[in-house]
Amino acid sequence: MSSGQQARAQAAAITPGGQSSEEVRPPADRLLALFDGRRLSPGQRRIAQYLIDHLTEAAFLSITELAERVGVSQPSVTRFAASLGFSGYPALRDVLQPIALSAVAGAADTREQIRRNELQEAVDAEIQNLENVRRLLADTDQVLDIGRELAASVPLTVLGLRISVSLAEYFAYAARRIHPDVRLVTRGGSVAFDALLQSRAAGGTWVLAFAMPRHAKETLAAIRAARSTGLRVVLITDPTLGPLVDEADVALTAGTGSRLVFDSYAAPGMLSAALLQAMADADPERTQARLESYEHVADQHGFFL
């Protein structure tokens with residue numbers, strides 16, 4: 001049964017009070033449930049946001065009218081409906097219209113309330129992602145082992161392309177405080193390949209790669225290039241299975257928050273901090289000496305307020 005069919009089936013489920021289980025839920029929650037856990041492209045998120053902001057009107061628009069209002073193509077609207085598990089836009093609209101009518105009848109959910117609930121649910125989803133990371137870290141041996149390997153790799157290459165650049169930059173910035181030679185790669189193609197070759201030639205043994213959705217083909221190419229040079233790869237990515245995970249020597253997964261227009265990365269950030277701690281624990285004396293040296297230089301030059 002498709003998720004669209006499931007939504008209609010759930011809407012028809014009768015509760016003891018005589019109302020369907022979906023009718024009991026606030027319209028805002030029913031609408032947001034359609035997008036729950038879906039991996040949407042930026043264009044598809046624009047459509048979803050328009051439906052949230054203009055539900056009572058948008059639920060009765062034709063596919064042409066909706067596409068024009070959002071500023072996307074008609075095929076984009078069709079793909080959006082399919083990504084939610086519906087056979088097409090008409091099937092999605094069949095589910096949206098009763099939700100819109102209940103919103104009008106109840107008048108309980110204003111646009112501001114819907115938006116607030118959406119933000120709160122986004123935070124709730126991130127809390128769940130962090131809970132999953134907490135369970136992953138229950139086995140500290142794995143993280144400590146990886147931390148020792150990364151700490152022993154000199155140089156250590158940190159790779160992050162496109163949307164993953166910010167995570168790679170954060171890790172590299174912090175790792176340089178406790179590691180003698182951290183090399184950051186944020187460009188793909190021949191630039192990445194050259195950097196990986198140089199890292200291996202200089203004695204490096206590991207690459208830490210970040211790959212957040214939507215996964216870039218050039219990230220896969222860079223990981224394969226790293227493996228071809230003899231480097232081993234630790235990959236931090238979302239739970240989606242695919243060729244990136246297959247190519248890595250070690251894969252650590254952390255969910256990304258996908259409820260808003262742009263993803264949030266609380267869980268991958270926490271996992272990164274745990275790996276940094278494991279690297280620091282691998283050689284406490286070196287860590288302490290480097291941190292003291294950094295603080296001394298920073299104070300001398302007045303880097304901080």
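Student: Among contacts between residues at least 6 apart in sequence, what percentage join residues at least 24 apart?

Tutor: It is 69%. Contact means heavy atoms within 4.5 Å. This is a predicted model, where local features need pLDDT of at least 70 and side-chain atom pairs count only at pLDDT 80 or more, while totals for chains, interfaces and linings use all residues. Residues are numbered from 1 along each chain as its sequence is written, and side-chain values use heavy atoms, with hydrogens and water left out.

Student: How many helices and strands does the chain have?

Tutor: There are 16 helices and 5 strands. They are DSSP runs numbered from the N terminus, with at least four residues (H or I) for a helix and at least two (E) for a strand.

Student: And what share of the chain is buried?

Tutor: Buried residues are 43% of the 305 in the chain. Buried means under 20% relative accessible area, exposed over 50%, and partly exposed in between, with a 1.4 Å probe and protein chains only.

Student: Let's take H10. Which of its residues are buried?

Tutor: Val 143, Ile 146, Gly 147, Leu 150 and Ala 151. Seen down the axis of H10, they fall within an arc of 135 degrees, so they line one face of the helix. The arc is taken from the directions from the helix axis to the C-beta atoms.

Student: Why would a helix put residues on one face like that?

Tutor: An α-helix has 3.6 residues a turn, so residues three or four places apart point the same way.

Student: What is on the face of H10 turned away from the buried side?

Tutor: Asp 141 and Ala 152, both exposed.

Student: What do the buried residues of H10 pack against?

Tutor: Strands S1 (156-160), S3 (206-211), S4 (232-237) and S5 (250-253), plus helices H15 (266-282) and H16 (284-301).

Student: At what angle do H10 and H15 pack?

Tutor: About 65 degrees, with their axes 7 Å apart. Axes are lines fitted to C-alpha atoms, for helices over the stretch in contact, and angles run from 0 to 180 degrees between N-to-C directions. H10 and H15 are therefore roughly perpendicular. That label covers 65 to 115 degrees; under 35 is roughly parallel, over 145 roughly antiparallel, and the rest oblique. On the H10 side, the contact includes Leu 144 and Arg 148. On the H15 side, Leu 275 and Met 279 are among the residues involved.

Student: Switching to H12. Which residues are buried there?

Tutor: Ala 192, Leu 196 and Ser 199. Down the axis of H12, these lie within an arc of 60 degrees, so they line one face. Ser 190, Gln 198 and Ala 201 are exposed on the other side. The cover over the buried residues of H12 includes S1, S2 (182-185), S3 and helix H13 (217-229).

Student: What about phi at Arg 162?

Tutor: Positive, about 55 degrees, although Arg 162 is not a glycine. Most residues other than glycine have a negative phi, and most peptide bonds are trans.

Student: Is Arg 162 buried or exposed?

Tutor: Exposed, with a relative accessible area of 61%. Arg 162 lies in the loop between S1 and helix H11 (165-175).
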